[in-house]
Amino acid sequence: MQKIALVTGGSRGIGSEICRVLAREGWRVAVNYNHSESAARALAAEIGGIAVGGNVASPADTENIFATIRAELGEVSLLVNNAGIGEYGLFTDLSFDRWNELLGTNLTGAFNCCKAAIPAMVRAKSGCIVNIASMWGEVGASCEVAYSVTKAGLIGMTKALAKELGPSGIRVNAVSPGCIETDMMARFSPDERAALADETPLGFIGQTSDAAEAVAFLASEKARFITGQVLGVNGGFVI
Ligand code: NAP
């Protein structure tokens with residue numbers, strides 16, 4: 001099997017580290033970006049991959065992403081659905097449009113990419129999908145209802161697709177991070193970060209590499225008998 005990976009939202013944060021770790025493990029990596037083009041191009045140059053722009057919430061953009069990868073690298077054999085956005089606030093203040101934006105990026109984005117990736121994987125009778133969920137998808141977060149819904153949806157998609165695609169030799173798993181130091185955590189003050197670290201049994205906030213190494217493991221042959229699982233990378237915050 002050719003090791004060709006697409007990491008959605010690979011331009012920053014957890015996604016960029018997933019790209020680096022996968023490249024280290026011998027994958028040719030397509031670094032998807034939506035807005036951060038220069039960061040994605042610099043990363044692609046650093047790891048010998050390609051940068052591919054497109055909004056995963058758009059079916060047309062997603063088709064273009066896959067067509068570009070097909071032309072430049074070949075068929076995607078590892079899909080990492082990492083692109084995601086968050087929203088913090090009372091449910092009663094959440095607008096219909098913002099609700100749809102979160103669902104569009106976090107959940108429909110994964111749907112669009114799975115639809116585009118799976119036919120070639122089925123033909124090859126092998127492939128791997130790793131969805132980046134969140135501990136809030138497992139237990140729900142106050143003031144992050146839409147976000148929690150999207151991540152719970154991803155976990156459901158992971159388990160259902162694992163059953164449907166197992167007979168085709170395709171494994172589907174999720175990595176479910178806890179608090180990881182990225183731009184997504186930027187809204188927290190130093191005091192709030194310290195409180196989050198305190199609430200974490202291991203006592204610290206994770207780094208992007210913690211999530212990225214879990215993805216690389218699930219994508220590897222070491223995990224060949226693992227499918228439909230949700231691997232928490234959360235320092236014990238949710239057990
Ligand atoms: P981040 O630093 O804010 O990065 C988000 C990434 O997603 C960026 O590369 C961004 O690309 C991309 N993206 C957003 N919307 C997109 C779209 N419509 N199409 C394509 N790409 C899009 O966030 P992060 O913390 O690394 O989060 C990565 C994933 O981990 C998310 O799914 C998030 O929910 C999950 N997660 C994070 C944490 C945490 O504590 N950080 C915890 C649990 C789960 P551009 O900049 O190019 O637009």
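What radius of gyration would a compact globule with 239 residues have, and what value does the protein have? A compact globule of this length would have a radius of gyration near 18 Å, and the protein, examined here as a predicted model, has 17 Å, which agrees. Along the principal axes, the C-alpha atoms fill a box of roughly 50 × 35 × 35 Å. The fold comprises 8 helices and 7 strands.

The model also contains a ligand, and the space taken by this ligand is the largest pocket. The shell around the ligand is made up of 31 residues, of which Ser36, Asn55, Asn82, Tyr147 and Thr182 come nearest.

In the side chain of Ser11, an N or O atom lies 2.8 Å from an oxygen atom of the ligand. Asn82, one of the residues that come nearest, places a polar backbone atom 2.7 Å from a ligand oxygen. Tyr147 also belongs to that nearest group, and a polar atom of its side chain is 2.6 Å from an oxygen atom of the ligand. Taken alone, the ligand exposes 900 Å², and the protein buries 95% of that area.

Conventions
Residues are numbered from 1 along each chain as its sequence is written. This is a predicted model: local features need pLDDT of at least 70, side-chain atom pairs count only at pLDDT 80 or more; totals for chains, interfaces and linings use all residues. Side-chain values use heavy atoms; hydrogens and water are left out. A residue is near a molecule or strand if one of its heavy atoms lies within 4 Å of it. A polar contact is a pair of N or O atoms within 3.5 Å; within protein, one must be able to donate a hydrogen and the other to accept it, and residues adjacent in sequence count only if both atoms are side-chain atoms. Accessible areas come from the Shrake-Rupley method with a 1.4 Å probe; for residues, only the protein chains shown count as cover. On a 1 Å grid over the protein atoms alone, a cavity is a set of points where a 1.4 Å probe fits but cannot get out, and a pocket is an open set with protein on both sides within 12 Å along at least five of seven lines; lining residues have an atom within 4 Å of a point. A molecule sits in a cavity or pocket if more than half of its atoms lie within 2 Å of its grid points. Helices (H or I, at least four residues) and strands (E, at least two) are DSSP runs, numbered from the N terminus. The radius of gyration is taken over C-alpha atoms; the globule rule is 2.2 Å times the number of residues to the power 0.38.
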